[in-house]
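Colleague: I have a model open and want to learn how to read it. Can we go through it feature by feature?

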Amino acid sequence: MALVTGTTGTTRTARTAAAPGSAGTLVLAGTPIGDVADAPPRLAAELATADVVAAEDTRRLRRLTQALGVQTTGRVVSYFEGNESARTPELVEALEDGKRVLLVTDAGMPSVSDPGYRLVAAAVEKDIKVTAVPGPSAVLTALALSGLPVDRFCFEGFLPRKAGERLGKLREVAGERRTMVFFEAPHRLDDTLAAMAEVFGDERRAAVCRELTKTYEEVKRGPLKALAEWAAEGVRGEITVVVEGASATVRELAPAELVDRVRVREEAGERRKEAIAAVAAEAGLPKREVFDAVVAAKNAARTGPADGKGLS
C-alpha cells in the first residue's frame, strides 16, 4: 500500500491487493492519553492505510483523525466491550482474507484494561501476525511520576465496584512487594483510597495521578490516609493510582492478630487453608508461620479458658 497526499493535505492511501491465500496483519495502535501531540508518527500512517479500523468509539476516532489531519479510507467498525465477543470472528475473517486490521481504543494501548485481548488471542490461535504501534501509557507515565520505586511493579487495573469485593481484592495483594498501579473512576476514588488505607495501612505511600498529559494534570503524593481525606473533597478526571509495595511498609503482626484475620476470613466462607494463605500474603510471612499461630491458638483454646477469640 502506498501513501498519497491529497490537495487538502490529509493523508490517504492507494492500496494494492493482498496476495491470494496470504493472511493479513493485526495492528494494535496506542493512542494519546491526553495531549494529541503525543500520538506516535506511525499512528497517522496506519490510520490512513488500514483496510479495517476497529475503534472503541467511532466518534472519538473521528475527532482523533481530524486532529491528526488523517483520512481513513478503510472500513471503520466499532469494537467495544458490548460487542467484542460478537465482532471478533468478523475481524478474524478479515485478517484471514489478507486485510490489515488496525485496532484503537479511546486512549492508551488496546487490551490493557481496554478491548483487544479476545482479538489478539483469536489471531494468535490462527497464526496471524500481530504487531503494535507503541504509544502513550497511563500506567508507565503514572509510575514514572509517582516518585515510588519503579524497578519492579505490577498492574492491577480497576478494582471491583462493590465495597466487599474491593476489600477482598486488596487483601489479596496486601503483601505484594512490587509497586502497584491501579485505574479508578473519580467518583469512587475516595472510597478506594480509604479501603487501601484500611488494608495496607494509613502510612503506605501512594500517588494519585489525575488528567495525565492534559491541561489540568496533577500528581498528588502522600500517605494513603491523607490522600483519602483529600479525595473526599471531590476529584475529577482520569485517575491512575500508584501504591508502594509492602516490602518497606508491612507492619509486623502479632500471632493473635494473624489468628484473628484467619478467623474473619473463615467466617466469610473461606476454607482454612485458603484463609491462612491469604493472611500470609497480606502480612508478607511464610504460610507455615501463620499456620503455626492458628494451631497454637487452637491448642490454647482447648486447654485454657474460653475467651471467644480462638479457632475451633
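**Reading a strand, then the cores**

Modeller: Start with strand β9, residues 179-184. 6 of its 6 residues are buried, so β9 is largely enclosed by the rest of the structure. Keep in mind that this is a predicted model.

Colleague: Which residues point one way from β9, and which the other way?

Modeller: The general idea comes first. In a regular strand, side chains alternate between the two faces of the sheet. Here Thr179, Val181 and Phe183 point one way from β9. Met180, Phe182 and Glu184 point the other way. Both sets are buried.

Colleague: Which strands pair with β9, and in what sense?

Modeller: Strand β8, residues 153-158, runs parallel to β9 and is joined to it by 5 bridges. Within that pairing, Phe155 stands opposite Val181. Strand β12, residues 239-243, is antiparallel to β9, again over 5 bridges.

Colleague: What do β8, helix α6 and β9 make?

Modeller: They form a right-handed β-α-β unit, with α6 covering residues 163-172.

Colleague: Now the core. Which residues touch the most other members of the largest nonpolar core?

Modeller: Again, the general idea first. In soluble globular proteins, nonpolar side chains tend to be buried together. The largest nonpolar core here has 26 residues, and Leu189, Leu193, Met196, Phe200 and Val243 touch the most other members. At least two residues of this core come from each of α6, β9, α7, β10, α8 and β12. Helix α7 gives the largest share, 7 residues.

Colleague: What is Phe200 in contact with, leaving aside its neighbours within four places in sequence?

Modeller: Phe200 is in contact with Leu170, Val173, Ala174, Met180, Leu224 and Val243.

Colleague: I always check cysteines. How many disulfides are there?

Modeller: The count is 0, with a cut-off of 2.5 Å between cysteine sulfur atoms. Are Cys154 and Cys209 buried or exposed? Buried means under 20% relative accessible area. Cys154 has 9% relative accessibility, so it counts as buried. Cys209 has 0%, so it counts as buried too.

Technical notes:
Residues numbered from 1 in each chain as written. Predicted model: local features only at pLDDT ≥ 70, side-chain atom pairs only at ≥ 80, totals over all residues. Heavy atoms only, no water. Buried < 20%, exposed > 50% of the residue type's maximum accessible area, 1.4 Å probe, protein only. Helix = DSSP H or I, 4+ residues; strand = E, 2+ residues; numbered from the N terminus. Pairing = 2+ DSSP bridges. Right-handed = clockwise from strand over helix to strand, strands pointing away. Core = buried A, V, L, I, M, F, W, Y, C linked by side-chain atoms within 4.5 Å. Contact = heavy atoms within 4.5 Å.
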